[in-house]
Amino acid sequence: MHNAVSGMDIPGSTAGRPAGGIRTRLDLAAWLATIALLALHIARLARFAVDWPLHDDFTQILAVPGYLAQMPSPAERLEYLFSLSVEHRIVTLRLAGWIGSLLPGGLDFRLLIALGNGLGVVAGAILVLHFPRAQRAMAALVTTLLLTSVTHYGAQYWATGALQHFGVCAYAMIAILAAARGRAIVAAMAAFAAAFTAANGLMVVPAVVLLLALTGRRREAVVWAIAGATLFAVYFIGYETPVGRMSVVDVLRDPLRLAAFGLATLGGIGDRYLPSVMLGGAIVAAWLVLLVTGAWRRVPPALVAAMLFFALTCAAIALGRAALGAEAATLSRYRVYSASAILLTLAAVVPLARPKQGTLALAVVAVLAAIVHVLGGMSSMPPMIELSSLQRAARDEYAIDGHGFFLGFPDADFGGYTLRRARDIGAYHGERHGSAPIVPTGGSPSSGGQPSIFSNHVHANARVVTVVGMLRGRHRAATLWLDDGRAAFRAELATVRCMGPEWQARTTVFRGTIDVGDLPAGRYRVGYDTGRDSGVAWTERHVDVR
């Protein structure tokens with residue numbers, strides 16, 4: 001029978017418990033597959049996560065120790081920790097940056113990435129608890145397939161993304177679970193953490209209010225509603241719409257476009273805009289059927305509350321990002337909300353069927369989730385590996401000459417200043433894991449078949465040339481060529497072979513930081529080959545060596 005306090009088992013759930021050796025073996029296989037997937041995810045993180053700040057890491061994490069060191073009073077530091085960062089109050093991220101800087105050796109962004117992914121595991125474990133006990137082995141497999149897919153690389157391999165998006169999911173799930181089990185203090189603390197990790201964490205308040213109302217705890221619901229309304233009222237004090245972004249009022253003037261954007265965010269794990277809209281529509285349709293038929297009354301209140309949190313989160317993302325175009329709805333870092341909404345929908349719908357039918361349905365879903373996992377990896381591995389390679393290259397260049405380069409944001413002045421200040425106060429030493437530069441050698445380019453260049457990033461200064469890019473096809477080697485018309489020089493690059501985004505495509509990511517300090521002065525064109533019997537594909541890029 002359903003337990004109104006825990007909200008985790010539903011009517012009929014005990015009837016679906018495993019009977020016989022076949023079911024036990026299937027459950028064992030599901031748990032072993034789950035463990036194997038988690039181990040694979042950990043291995044990927046260990047290989048591709050980089051101890052180097054990326055994008056918002058500079059402002060949200062790396063700059064924090066320096067800011068706090070300049071503030072003389074505890075009151076000023078507390079005010080800074082709780083201050084707005086655009087529309088968010090990122091207290092938990094700033095605390096992670098500060099506490100991390102106090103550890104021996106200072107900040108390590110790989111550790112922060114691991115912490116964020118650990119929070120994702122916590123969120124996933126709680127999602128599994130929403131399934132009946134008899135189905136949790138298969139549910140754990142489906143959850144792991146969806147949440148460890150590389151399709152989430154925008155959050156998985158980025159410290160800010162992991163701590164914020166996986167973190168807010170974990171804190172919200174803890175708050176709802178604790179509220180369902182009558183742990184008011186734990187629920188309040190977790191809700192506070194969610195709200196002060198990202199603005200969408202505020203959505204846990206209406207979710208908990210709904211949970212308390214559905215379980216007949218109306219006084220508690222009123223207290224949460226009043227506290228939540230107060231928090232909402234003060235949270236955005238001081239917020240100003242960023243330059244170039246449409247205001248909320250302007251976005252609301254096109255409700256159909258906003259609704260489509262919201263569906264795309266809800267189904268964002270579909271990767272492309274149209275499939276995501278269709279997937280989001282299917283999720284909404286499933287819950288409308290539950291509502292119209294009255295079957296929602298058989299769904300545990302905690303599950304309904306969790307679904308409300310993710311639905312409101314996707315609506316909030318749509319409201320804030322709709323003006324940025326269709327691709328903003330399906331960004332990799334937001335797909336964890338879509339995956340969680342799918343899992344909660346399954347947890348609500350599947351147990352309503354007969355036990356054997358529910359088990360069969362989950363097995364079919366596991367196969368579909370495996371397909372999503374594989375396709376997500378095929379689509380996302382090349383850009384993830386290229387991003388990881390760009391971070392390593394930026395770190396290596398910084399270790400060599402103390403400057404490095406920056407990927408769009410922040411600009412070189414702010415990024416360089418933040419790195420120097422963090423180093424000076426002992427908060428972060430970005431050069432500690434840097435690799436030695438590659439020393440080029442003279443040679444003569446071959447004239448065989450030329451590789452196809454998919455992308456090519458070149459950064460040069462007086463001492464080094466850094467290159468990162470992708471070649472079509474799976475190649476065991478990649479060589480950089482520099483030719484000024486008088487002499488040619490070559491450097492062997494590091495390579496990673498991976499599946500490409502198309503069915504028949506294969507991709508090789510290359511990376512290298514080359515010491516050009518001893519090369520003759522001149523203007524060199526840049527080209528690449530793939531080893532023996534390969535001709536050089538010359539690009540339009542040139543580097544000046546002085």
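H542 is partly exposed, with a relative accessible area of 37%. Here buried means under 20% relative accessible area, exposed over 50%, and partly exposed in between, using a 1.4 Å probe and protein chains only. The model is predicted: local features need pLDDT of at least 70, side-chain atom pairs count only at pLDDT 80 or more, and totals for chains, interfaces and linings use all residues. Residues are numbered from 1 along each chain as its sequence is written, and side-chain values use heavy atoms, with hydrogens and water left out.

Stay with H542 for a moment. H542 sits in strand β9, residues 537-545. Strands are DSSP runs of E with at least two residues; helices are runs of H or I with at least four; both are numbered from the N terminus. Leaving aside neighbours within four places in sequence, H542 is in contact with R523, Y524 and R525. Contact means heavy atoms within 4.5 Å. L482 is 60 residues from H542 in sequence, and their C-alpha atoms are 8.6 Å apart in space.

Now step back to the whole chain. The secondary structure of the protein comes to 19 helices and nine strands. The radius of gyration is 26 Å, close to the 24 Å that the globule rule gives for 546 residues, so the protein is as compact as a globular protein of that length. That radius is taken over C-alpha atoms, and the rule is 2.2 Å times the number of residues to the power 0.38. Along its principal axes, the C-alpha trace spans about 85 × 60 × 50 Å. Buried residues make up 52% of the 546. Take the contacts between residues at least 6 apart in sequence: 75% of them join residues at least 24 apart.

Next comes a helix pair. Two packed helices are described by the angle between their axes and the distance between the axes. Helix α10 (residues 184-195) and helix α12 (residues 218-235) pack at an angle of about 20°, with axes 13 Å apart. That makes α10 roughly parallel to α12. Angles under 35 degrees count as roughly parallel, over 145 as roughly antiparallel, 65 to 115 as roughly perpendicular, and the rest as oblique. Axes are lines fitted to C-alpha atoms, for helices over the stretch in contact, and angles run from 0 to 180 degrees between N-to-C directions. On the α10 side, the contact is made by A187, A188, A191 and A195; on the α12 side, by W224, L231 and Y235. By class, this contact has seven nonpolar, no polar and no charged residues.

What follows α10? N200 lies in the loop between α10 and α11 (204-214). At 8% relative accessibility, N200 counts as buried. Not counting residues up to four places away in sequence, N200 touches V168, F309, T313 and Y337.

Finally, the backbone. Most residues other than glycine have a negative phi, and most peptide bonds are trans. H55 has a positive phi of about 50° although it is not a glycine. H55 lies in the loop between α1 (21-48) and α2 (57-62). With a relative accessible area of 26%, H55 is partly exposed. V86 also has a positive phi, about 60°, and is not a glycine. Its loop runs between α4 (74-81) and α5 (91-102). V86 counts as partly exposed, at 44% relative accessibility. The peptide bond from F409 to P410 is cis, with omega near 0°. P410 lies in the loop between α18 (355-401) and α19 (412-424).

Notes
Ala, Val, Leu, Ile, Met, Phe, Trp, Tyr, Cys and Pro count as nonpolar, Asp, Glu, Lys and Arg as charged, and the others, Gly among them, as polar.
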